[in-house]
Amino acid sequence: MRIVIAGGHGQIALRLERLLAARGDEAAGVIRNPQQSDDLRAAGAEPVVLDLESATVEEAAEVLRGADAAVFAAGAGPDSGTDRKDTVDRGAAVLFADAAQRAGVRRYVVVSSMGADPDHPGDEVFDVYLRAKGAADAYVRAQTALDWTILRPGMLTNDAGTGQVLLAASTGRGPVPRDDVAAALAELLDTPATAGLTLELISGNVPVSVAVKDIAGN
């Protein structure tokens, strides 16, 4: 498969790119900073330079043409202000979804956040982030031309992955290593029967591949 990943230099995206490359898939990571290209190549991915905050739908669609799947893993980052929560965490996700449809890419996997909700209350930056992610998720779920899956991890850690998770429509709060989030994304991409599901992910005691097959009803 050829898989195009928005936010290709993110911590989860780089892990996912390594996994995809190791199993023989073709990964392309969308980045806005060309200086990050070598990091993507080292992960086995093709760097594609495009700023999703300023790109048109057609420009993004050109990047996606010929792909088998798209993954939205971009984010404004913890140090960004409220404006970029809207332009990246909501706006770029909507743009990438529109671009996938224009390019004829049906499979669309989103890395969201536990607690994402367009009606989340509060005025702190994290509240704005959860509203932006929630609005983006709602937009994606409304797109009938996409076979979408939304993954909402718990508290992300850089601990070594255990390969053991809890994956469900609702898991309750808990931590999860980024390694295991990437592993779950790779399995979701391989499991089209998870289309139409919004899933939460935390550490647990079920192997990632088994957890994904179970949630898909396989």
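The crossing of helix 3 and helix 4 is right-handed, a crossing being right-handed if the near helix is turned clockwise from the far one by less than a right angle, and left-handed if anticlockwise. The model is a predicted one, in which local features need pLDDT of at least 70 and side-chain atom pairs count only at pLDDT 80 or more, while totals for chains, interfaces and linings use all residues. Residues are numbered from 1 along each chain as its sequence is written, and side-chain values use heavy atoms, with hydrogens and water left out.

The axes of helix 3 (residues 57–64) and helix 4 (residues 82–103) come within 8 Å and cross at roughly 60°; axes are lines fitted to C-alpha atoms, for helices over the stretch in contact, and angles run from 0 to 180 degrees between N-to-C directions. Helix 3 and helix 4 are therefore oblique to each other, since angles under 35 degrees count as roughly parallel, over 145 as roughly antiparallel, 65 to 115 as roughly perpendicular and the rest as oblique. Val-57, Glu-58, Ala-60, Ala-61 and Leu-64 of helix 3 meet residues of helix 4 including Leu-95, Phe-96 and Arg-102, where contact means heavy atoms within 4.5 Å.

Among the residues in contact are Lys-85, Asp-89 and Val-94 of helix 4 and Tyr-129, Ala-132 and Tyr-139 of helix 5. By class, the residues of this contact are 11 nonpolar, one polar and five charged.

Attention now turns to the sheet. An open sheet of nine strands has the order 3-2-1-4-5-6-10-8-11, with mixed pairing; helices (H or I, at least four residues) and strands (E, at least two) are DSSP runs, numbered from the N terminus, and two strands pair if DSSP finds at least two bridges between them. At the edges are strand 3 (46–49) and strand 11 (206–207), each pairing on one side only. Strand 6 (residues 147–153) pairs with strand 10 (residues 197–203) in the parallel sense over five bridges, and Thr-149 stands opposite Leu-197 in strand 10. Strand 8 pairs with strand 10 in the antiparallel sense over four bridges, with Val-165 opposite Ser-203 in strand 10. Strand 8 (residues 164–168) also runs antiparallel to strand 11, joined by two bridges; here Gln-164 stands opposite Pro-207.

Helix 1 (residues 11–22) lies across strand 1, strand 2, strand 4 and strand 5, running at about 170° to strand 1. Helix 5 (residues 125–141) lies across strand 4, strand 5, strand 6 and strand 10, at about 155° to strand 6.

A further helix pair is formed by helix 6 (residues 178–189) and helix 7 (residues 208–215), which pack at an angle of about 45° with their axes 9 Å apart. That makes helix 6 oblique to helix 7. Their crossing is right-handed.

The secondary structure of the protein chain comes to seven helices and 11 strands. The radius of gyration of the chain is 16 Å, close to the 17 Å that the globule rule gives for 218 residues, so the chain is as compact as a globular protein of that length; the radius is taken over C-alpha atoms, and the rule is 2.2 Å times the number of residues to the power 0.38.

Note on methods: Ala, Val, Leu, Ile, Met, Phe, Trp, Tyr, Cys and Pro count as nonpolar, Asp, Glu, Lys and Arg as charged, and the others, Gly among them, as polar.
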